Amino acid sequence: MLDSFLVPTAIVALAEIGDKTQLLALILAARFRKPWPIIAGIVAATLANHAAAGAVGAWVGSIFSDAILHWILAVSFAATALWTLVPDKLDDDEASTARKFGPFLTTLIAFFLAEIGDKDTDRHGDARRAIPGTVAGDHRHHRGHVDCQRAGGIGR
């Protein structure tokens, strides 16, 4: 009974090592040195992101056919890949803005944005977790996951 909890927890914990959200949490903890508001911001951002992804995915999935969703998904993956090639910059103005918002709101905004398009979708098997995949993918769980895999060239 406990194995069904511990094994997936250990697998996910190992898979998350070096993930962009883990690195973001470390940066925020080093900057603000207040763990509880950061943890609360992570939880709130994750819940908000998943709720938005599910709602948008269900809405978009009800509008488009499976064939159109497949192409939208392929284009969204390509656009996300190109977007990752653009380097990020942290200006002095952005650093002072982060201090102005405080640890909770800064973490909430940063984690909400970082979770968009997170690659954990394939590891956890839920295609509704990432907004780009959700917007372009089918809102039905298994069909959407299969579409995500096919568009990414996985499972062919």
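The structure is a predicted model, in which local features need pLDDT of at least 70 and side-chain atom pairs count only at pLDDT 80 or more, while totals for chains, interfaces and linings use all residues. Residues are numbered from 1 along each chain as its sequence is written, and side-chain values use heavy atoms, with hydrogens and water left out.

The chain contains eight helices and zero strands, and from the N terminus on its elements run α-α-α-α-α-α-α-α. Helices (H or I, at least four residues) and strands (E, at least two) are DSSP runs, numbered from the N terminus. Of the 156 residues of the chain, 28% count as buried.

Helix H2, which covers residues 20-32, has 13 residues and reaches 18 Å from its first C-alpha to its last, close to the 18 Å expected at 1.5 Å a residue; the expected span of a helix is 1.5 Å times one less than its number of residues. The buried residues of H2 are Thr21, Leu24, Leu28 and Phe32. Because these residues cover an arc of only 55 degrees around the axis, they lie on the same side of H2, the arc being that of the directions from the helix axis to the C-beta atoms. The exposed residues Leu26 and Ile27 are carried by the face of H2 that is turned away from its buried side.

Arginine 33 is placed in the loop between H2 and helix H3 (35-63). The phi of arginine 33 is near 55 degrees, which is a positive value in a residue other than glycine. Helix H3 itself has 29 residues and reaches 42 Å from its first C-alpha to its last, close to the 42 Å expected at 1.5 Å a residue. The buried residues of H3 include Ile38, Gly41, Ala45 and Asn49, and Ala53, Gly57, Val60 and Gly61 are buried in H3 as well.

Helix H5 spans residues 92-115 and holds leucine 113, which is exposed, with a relative accessible area of 53%. Together with Phe101, Phe104, Leu105 and Ile109, Leu113 makes a nonpolar surface patch of about 430 Å². Patches are made of residues with over 30% relative accessible area and no salt bridge, with like charges joined within 9 Å and nonpolar side chains (Val, Leu, Ile, Met, Phe, Trp, Tyr) within 5 Å. A salt bridge is a side-chain nitrogen of Lys or Arg within 4 Å of a carboxyl oxygen of Asp or Glu. Threonine 106 is found in helix H5 too, but threonine 106 counts as buried, at 11% relative accessibility. A polar atom of the side chain of threonine 106 lies 2.6 Å from the backbone oxygen of glycine 102.

Note on methods. Accessible areas come from the Shrake-Rupley method with a 1.4 Å probe; for residues, only the protein chains shown count as cover. Buried means under 20% relative accessible area, exposed over 50%, partly exposed in between (1.4 Å probe, protein chains only). A polar contact is a pair of N or O atoms within 3.5 Å; within protein, one must be able to donate a hydrogen and the other to accept it, and residues adjacent in sequence count only if both atoms are side-chain atoms.
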